[in-house]
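Q: I have a model open and would like to talk through some of its packing and a few individual residues. Could we go through it together?

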Amino acid sequence: MKRPYARLLATACATALLLGSAPALAQVGTPALPVALAPIPEPRDTAYPGVIGIQVDATDIDRRIVSVKQTIPVAAPGPLVLLYPQWIPGNHGPVGPVDDVADLVITANGQRLPWVRNTVDTNAFQVEVPAGATSVEVSFKWLTPINGDQGRVVITDEMLNIQWEKALLYPAGYYSRQITFQPSVRLPAGWNYGVALDTQSFTDGLATFAPITLEHLADSPMFAGAHYRQIDLDPGGRSPVRLNIVADDEAMLAATDAHIAQHRELVRQADRLFGARHYNHYDFLLAVTERLGGIGLEHHRSSENSADTRYFTDPTGTLADRDLLGHEYTHSWNGKWRRPADQLTPNLNEPLQNSLLWVYEGQTQYWGLILTTRAGLMTKQQALDVFANTAATYDDNPGRDWRAMQDTTNDPIIARRQNQPWPSRQRSEDYYREGAMIWLDVDTLIREQSDGKKSLDDFARAFFGVQDGSWDPAPYTFSDVTSVLSGVQANDWAPFLRARLDAVGPDAEGPLGGIERGGYRLVWRETPNDYSKALNAELGRVDFAYSLGLSLNTSNRVTAVRWDSPAFEAGLTSGWEVVAVNGRAASAAAIAEAITAAKDPGVQVEMMLKKGDRFRTIRFDYHGGLRYPHLERIEGTPDRLGDILTPRRR
């Protein structure tokens, strides 16, 4: 593995200090520190000597502080570099919140040891191990966010979310799979928990777990809370699958037998799709909350999920989280077991590369929707409406003029998932939804060419459904993907995929072939589809994106402007408040009526807007009426989309 430039710089500076030399690089880059920076050891695939003990105290929920103590065995005196995880799997970027670490103290044989932070790799801490020491003791506090503007809230009065990679340091120089931890957690009195770790004991709030490698510890978060329920999703199955729920209130844990049965069907449909399990047990972690920070994050033997407080008490009235569990469960196969080769880094501080996220996330987005529908958690029509909305987004995508979808796989690194001023032009992680459209294109083409005898289900079985029981990551490359596709259905898959992944320029088309090959066409109507209508009501959104080019909230504040739309041409941005429309007080209904009236070429939409102490009046010369996406059945063609969404019976 090539060493990153930043690490070369740090090593060169340290070497210059040690040798007393002053090359040009050292003159520019030598940090002013009390000790020389030692080179950060390269990861080696050899076992770390000893087991690292880690004790986490999560009882200070009032102040949202987690206290950590570690005992790290050491083999010899000299410089020791401890790393705080930076590249967090599932986040796809360097987002480890090292700034939340405080009160770091390192001792050996009762003696406090001074430490320094590496000035280039700022997640690295260097300490000198004294002669005669067999271990160092590390303690620090993880100061978790108190408010949402400080980061994702992981502790509330009723629940908490322990993510181990944010609560540990580990020695540099070893692969994550070669470092073993012995973890324990102390919880508030009366709380219970769900986790993929194997519990050795749980007494008086102290949970002690079996030793586990750093690779799997960082992949095994905990949800704990005062209001907790566990549901067996595979009674009598060959390996346990459990739904662990924490909630803001006890009443939110209620679930009907029919709703539980749909979650059990999700597990059954995944078994029928993939044909293998790459875990010894699986734990869904679900927070039903409006207080804990939102999350949907995959792990190999679990997933972190948060949902609306009505998820169980009003399952038909909450759509936003409907396919979340299906998506994250699919990741146990796609992304965690089968993992892109450029994602399999030696440890949690070596940079990830995201070039295959259109498989990792795009195909998971596809299967998440399909499995959710096959399980009955969504209806066929709701799934068709989701496809309609996605097709509309990428039918005429303003960002494709300059940027290919393939490049959006870099967004978690370059944009860090921050809000964007012009998302329709900048493009933001389109490998999810546009990636799903590419896989629909692949699925329907396989079905067409094989006369219905083969499908992407066969690819899933061949790619993910082998080596049953193994949960050691199995890397793949682009050529591995195309090779397995060719084994399912002969086709020149590499150029087929590259044409869609790399499409860019004013004449580049979106990947909508799967819609028509699936037996439907994208059409525009003056009323939203039922899924959009319900989802917008649930989320407080008002949508005129495909007419005037405006998206608003229920307070009439503009939240987004579509690039090249009438609103864009009028100079509008997010942040403006619509005060009046055609002389009437603004409302969603008033705006819709004005757009409809302007279908008459002699009528304009007049809108008064306010931003701070500034007012504007804009007249839109737009006459296209209201426009909302729907899928319309193409008569006389096979309903391949319907077949894709139909539950599997075996």
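Q: To start, are Phe-463 and Phe-464 buried or exposed?
A: Both Phe-463 and Phe-464 are buried, where buried means under 20% relative accessible area, exposed over 50%, and partly exposed in between, with a 1.4 Å probe and protein chains only. Before going on, note that this is a predicted model, in which local features need pLDDT of at least 70 and side-chain atom pairs count only at pLDDT 80 or more, while totals for chains, interfaces and linings use all residues. Residues are numbered from 1 along each chain as its sequence is written, and side-chain values use heavy atoms, with hydrogens and water left out.

Q: Fine. How many aromatic pairs does the structure hold?
A: The structure holds 28 aromatic pairs, counting rings of Phe, Tyr and Trp (its six-membered ring) whose centres lie within 6.5 Å; planes under 30 degrees apart count as stacked, over 60 as edge-to-face and the rest as tilted. One of them is formed by Trp-358 and Trp-439, which are stacked at 5.9 Å centre to centre with 15 degrees between the planes.

Q: Where do Trp-358 and Trp-439 sit in the chain?
A: They link distant parts of the chain, 81 residues apart, with Trp-358 in helix α6 (residues 357–360) and Trp-439 in helix α11. Helices here are DSSP runs (H or I, at least four residues), strands are runs of E of at least two, and both are numbered from the N terminus. Trp-358 is buried, with a relative accessible area of 1%, and Trp-439 is buried as well, at 0%.

Q: And what kind of pair do the rings of Phe-463 and Phe-464 make?
A: Their ring centres are 5.0 Å apart and their planes lie at 85 degrees, so the pair is edge-to-face.

Q: Back to α11: at what angle do α11 and α13 pack?
A: Helix α11 (residues 433–449) packs with helix α13 (residues 478–488) at an angle of about 25 degrees, and their axes are 11 Å apart; axes are lines fitted to C-alpha atoms, for helices over the stretch in contact, and angles run from 0 to 180 degrees between N-to-C directions. That makes α11 roughly parallel to α13, given that angles under 35 degrees count as roughly parallel, over 145 as roughly antiparallel, 65 to 115 as roughly perpendicular and the rest as oblique.

Q: Which residues make the contact of α11 with α13?
A: From α11 come Trp-439, Val-442 and Ile-446, and from α13 come Val-481, Leu-485 and Val-488, contact meaning heavy atoms within 4.5 Å. These residues divide into 6 nonpolar, no polar and no charged, where Ala, Val, Leu, Ile, Met, Phe, Trp, Tyr, Cys and Pro count as nonpolar, Asp, Glu, Lys and Arg as charged, and the others, Gly among them, as polar.

Q: What about α7 and α8, how do they pack?
A: Helix α7 (residues 362–374) and helix α8 (residues 380–395) pack at about 160 degrees with their axes 9 Å apart, and they are therefore roughly antiparallel to each other. The crossing of α7 and α8 is right-handed. Tyr-366, Leu-369, Ile-370 and Thr-373 in α7 meet Lys-380, Ala-383, Val-386 and Phe-387 in α8, and by class this contact has 6 nonpolar, 1 polar and 1 charged residues.

Q: Changing topic, what is phi for His-92 and for Asp-103?
A: Phi of His-92 is near 65 degrees, a positive value in a residue other than glycine, and Asp-103 has a positive phi of about 60 degrees although it is not a glycine. Most residues other than glycine have a negative phi.

Note on methods:
Left-handed = near helix turned anticlockwise from the far one by under 90°.
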